[in-house]
Amino acid sequence: MMGMVDSEEIGIGNKGGNGIGIGRIAGIRAKRKYFRMDAQIPEERMGEAGDGGIEGSSSARIKESKRYVFACAVFASLNSVLLGYDVGVMSGCIIFIQKDLHITEVQQELLVGCLSFISLIGSLAAGRTSDAIGRKWTIALAALIFQVGAIIMTFAPSFSILMLGRLLAGIGIGFGIMIAPVYIAEISPAGSRGSLTSFPEIFINVGILLGYISNYTFSGLSEHINWRVMLAVGILPSVFLGFALVFIPESPRWLVMKNRVEEAGSVLVKITGSEKEAAEKLAEIQEVVSSTAGSDESEKAIWLRILKPTKVVKQMLVTGLGIQFFQQITGIDATVYYSPKILSSAGIKSDNKLLAATVAVGFTKTAFILIAILLIDRVGRKPLLYVSTIGMTICLFCLAISLRLLDQNLVSQNVGIGVAILTVCGNVAFFSVGLGPIAWVTSSEIFPLIVRAQAVALGTVANRVSSGVVAMSFLSLCDWLSVSGTFFMFGVLSTISVWFMYKFVPETKGRSLEQITELFGGEDDGEWNEKEMELGNVKYQGIVNQ
C-alpha cells in the first residue's frame, strides 16, 4: 500500500528534469498528498488547507473555473464552424457555381472533395506546429490561413482561382480540426472532458446548419453574386476567433513540456478553481512528462514510436484511426454535401425547395449533437456508439430501398419524398448522437502525452482521406451503381462499423488522460508508459473522477 507523499518528493527536479519541483511554484505552497485509488481517504484530510490555502474549495471559484473552461472550449471550437460551414454552404453553392462558371461534373467532384485531401497538409503540419508554437497559436494560424483562402474564393473569376482559394481554406481547416480537440482535452477535467471535447463536433454541425441557411437566404440573388456572398459569410467565425485569443490560455500540459511550469500552474489554478487541486494536477502532468521528456526526443523519434509501435500503441492506433475511418466511410459527408442531389433523385426538383429541405437536415443534425453532449459523460461512449451505428445502418438501408422502389415506380412520389427526407434526417441524427462527436473525443483522449499531437494528426488524416474518397467519388458512384445502390453500399460499411465499435473501442468515461493507457494494457508498454500507468492507480485528493 502506498503511503502519503509530500509534494516535494514528486517534483520533476528529482528525476533529472528542469529542477522545478511542484512545491516551488509561487502561490501553490500547500503540501499535497495522494492515495491509491482503492484506499479510503481520511475524512480529516478532506478540505484540509495548507499554508496560504483556503478551507476547502470555494463554491464560487469552482463555478467560475467551470465557466472559464467552458468559454475556452467554445472559443477553441470556432475553427470547427469553418469546416461545417464549408460543408453546408458548398452543397448549395455548387448548384450556382456550376451555372455561373459552367463547370463539369468531374470539376464539381474535385471542388467538393479536394478540401478533405488538402486539409491533410494542415492536419499533419498541426502536430509539429502545435508542439513548437503551442496549441493556442496553432488555433490562430488555422483561422488566418482559412481567411486568406475564403477571400480568394469569394472574388474568384474562374475555376482555377476558385480552386486556389479552396486549397488554402482546406489547409486552414486541417489545422483547426486537428488542434481543437487536443487543446480542449488538455484543459478539461476528466468528469466533463467528453462533453467539452465534443464541442468541435457541435460547432461543425452549427456551421453546417449556418451554411444551409446561408444557401437558402442568398439563393434569390443573381447567379454571379449569390454563391460569392455565401462563401464570404464563412469568414466571420475566424474573425471572432481572433478576438477570443486574447482570453484563452495556453495548454498547461504543453507548458510543462516546455519547462514553463509556473505558467502551467497559473493556468491550472484558473481551470480548476483551487490552488490545491491545481498543484496535484501539475504533479501528475510533471510525473508523466518527466518519464518521457528527459530524453528530449526529436520529432523523428516521436514519429518512430507511431510508425514502429509497441503492442499498446498499436492497439491505440487501431482504435483511434479506425473510428475516424468509419466516421466518414459510412457516407455522412455524401449525405451532407450532396443532400440536394439525393433529394432531387427522390423527386424534389425546385432549387428553392431543395435548399429548404437541406435546412431541415441541418437543424436535425445540430439538435441531436446537443443531445449527445448531454449524454456522453453520463451514459458513456460505447452505448451511444451502438445506438449511433445501428441507427445509421437501418436508415441507410431504408433510404437505399426507398430510392430503388421510386426508380421502379413501386411507390408514389409523395411517399418516396417523405421516406427520403425522413431517412436522410434519421441518418444525420444517429450520426450526431454518437459516432460524430465520439470519434473526435476518443482519438484525442486515448494516446499518451508524448505522441498525442502526432497520433491525433494521423487520426485526422484517416478521417479526411475517407471523407475525400467519399466526396470525390459520390457522383461517379451514383452514375455507376445508382443513388440507391451507393447508399446500399454505405449501409454495408455501417454494418461493419457496429462490429468495430464492439471489438476495438473501450469505454473511457470518467478516466483521466493518464489513466486511459491502462485500458490498452499499459503495463506491457515499457518504461515510458510505466509512469502513466502508475498514475492511473493513484487518486489525488481534490480530484473527483466521476
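These notes walk through a predicted model, from its cores to its ring pairs.

1. Start with the nonpolar cores. The largest one has 82 residues. I97, L162, I323, F474 and F487 have the most contacts inside it. Helix α2, residues 78-101, gives the most to this core, with twelve residues.

2. Look at L162 next. Leaving aside residues up to four places away in sequence, L162 touches I97, L101, L111, M153, A156, W227 and L231.

3. Helix α7 covers residues 199-218. From first C-alpha to last, α7 reaches 28 Å, close to the 28 Å expected at 1.5 Å a residue. The helix is mostly covered, with 14 of its 20 residues buried.

4. Now the rings. The whole structure holds eleven aromatic pairs. F487 and F490 form one that is edge-to-face, 5.5 Å centre to centre with 80° between the planes. Both residues are buried. They sit in helix α21, residues 449-504, three residues apart, about one turn of the helix.

5. F500 and F504 also pair. Their planes are at 35°, so this pair is tilted, with ring centres 5.1 Å apart. Both lie in α21, four residues apart. Residues three or four places apart point the same way because an α-helix has 3.6 residues a turn. F500 is buried at 6% relative accessibility, whereas F504 is partly exposed at 31%. Ring pairs link F325, F326, W499, F500 and F504 into a cluster.

6. Last, T423 in helix α19, residues 413-433. Why does T423 count as buried? Because its relative accessibility is 7%, under the 20% cut-off. Beyond residues up to four places away in sequence, T423 touches C395, C398 and L399.

Methods
Residues are numbered from 1 along each chain as its sequence is written. This is a predicted model: local features need pLDDT of at least 70, side-chain atom pairs count only at pLDDT 80 or more; totals for chains, interfaces and linings use all residues. Side-chain values use heavy atoms; hydrogens and water are left out. Helices (H or I, at least four residues) and strands (E, at least two) are DSSP runs, numbered from the N terminus. Buried means under 20% relative accessible area, exposed over 50%, partly exposed in between (1.4 Å probe, protein chains only). Contact means heavy atoms within 4.5 Å. A nonpolar core is a set of buried Ala, Val, Leu, Ile, Met, Phe, Trp, Tyr and Cys residues joined through side-chain atoms within 4.5 Å. The expected span of a helix is 1.5 Å times one less than its number of residues. Rings of Phe, Tyr and Trp (its six-membered ring) pair if their centres lie within 6.5 Å; planes under 30 degrees apart count as stacked, over 60 as edge-to-face and the rest as tilted.
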